[in-house]
Amino acid sequence: DVVKGALEKAEDAVKGGINIRYAGAGTYNIIVESLNYKDAEKIMEKAVDAAIGFIEDKKGNGSFERND
């Protein structure tokens with residue numbers, strides 16, 4: 001399953017520094033907690049890049065949308 005693989009890649013990229021939740025309709029939320037904003041941004045970027053990269057390697061399309 002491509003989605004499951006992409007989510008695993010995201011978690012592996014940041015070594016468990018995120019929480020992923022299914023939001024419905026094929027949408028997932030990635031939640032990052034950090035002591036400072038810059039570290040949280042780096043964690044989010046690594047996780048998103050890993051997930052989307054995996055999906056694109058499988059000839060799929062992925063996107064990221066920030067919800068603050």
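1. Exposed means over 50% relative accessible area, and buried means under 20%. The model discussed here is predicted. Tyr 22 has a relative accessibility of 51%, so Tyr 22 counts as exposed. This tyrosine sits in strand 1.

2. Which residue pairs with Tyr 22 across the bridge in strand 2? The partner is Tyr 28. The two strands run antiparallel to each other, and 6 bridges join strand 1 to strand 2 (residues 27–32). The hairpin leaves 2 residues between the strands. Ala 25 in this hairpin has a positive phi near 55°.

3. Together with Val 3, they make a nonpolar patch of about 280 Å². In a regular strand, side chains alternate between the two faces of the sheet.

4. The largest nonpolar core has 14 residues. Ala 6, Ala 10, Ile 18, Val 32 and Ala 47 have the most contacts inside this core. At least two core residues come from each of helix 1 (2–13), strand 1 (18–24) and helix 2 (37–57). Helix 2 gives the largest share, with 8 residues.

5. What does Val 32 touch, leaving aside residues up to four places away in sequence? The list is Gly 17, Ile 18, Ala 40, Ile 43 and Met 44. Ile 18, one of these partners, is also among the core residues with the most contacts. Val 32 itself belongs to that group too.

6. Is Tyr 37 buried or exposed? Tyr 37 is exposed, because its relative accessibility is 59% and the cut-off for exposed is over 50%. Tyr 37 is part of helix 2. Between Tyr 37 and Arg 66 there is a sequence separation of 29 residues, and their C-alpha atoms are 14 Å apart.

7. Lys 42 is another exposed position in helix 2. Its relative accessible area is 55%, so Lys 42 passes the cut-off. How far apart in space are Lys 42 and Val 14? The C-alpha to C-alpha distance is 9.3 Å, and the two residues are 28 apart in sequence.

8. Tyr 37 is exposed at 59%, and Lys 42 is exposed at 55%.

Methods
Residues are numbered from 1 along each chain as its sequence is written. This is a predicted model: local features need pLDDT of at least 70, side-chain atom pairs count only at pLDDT 80 or more; totals for chains, interfaces and linings use all residues. Side-chain values use heavy atoms; hydrogens and water are left out. A nonpolar core is a set of buried Ala, Val, Leu, Ile, Met, Phe, Trp, Tyr and Cys residues joined through side-chain atoms within 4.5 Å. Buried means under 20% relative accessible area, exposed over 50%, partly exposed in between (1.4 Å probe, protein chains only). Helices (H or I, at least four residues) and strands (E, at least two) are DSSP runs, numbered from the N terminus. Contact means heavy atoms within 4.5 Å. Patches are made of residues with over 30% relative accessible area and no salt bridge: like charges are joined within 9 Å, nonpolar side chains (Val, Leu, Ile, Met, Phe, Trp, Tyr) within 5 Å. Accessible areas come from the Shrake-Rupley method with a 1.4 Å probe; for residues, only the protein chains shown count as cover. A salt bridge is a side-chain nitrogen of Lys or Arg within 4 Å of a carboxyl oxygen of Asp or Glu. Two strands pair if DSSP finds at least two bridges between them.
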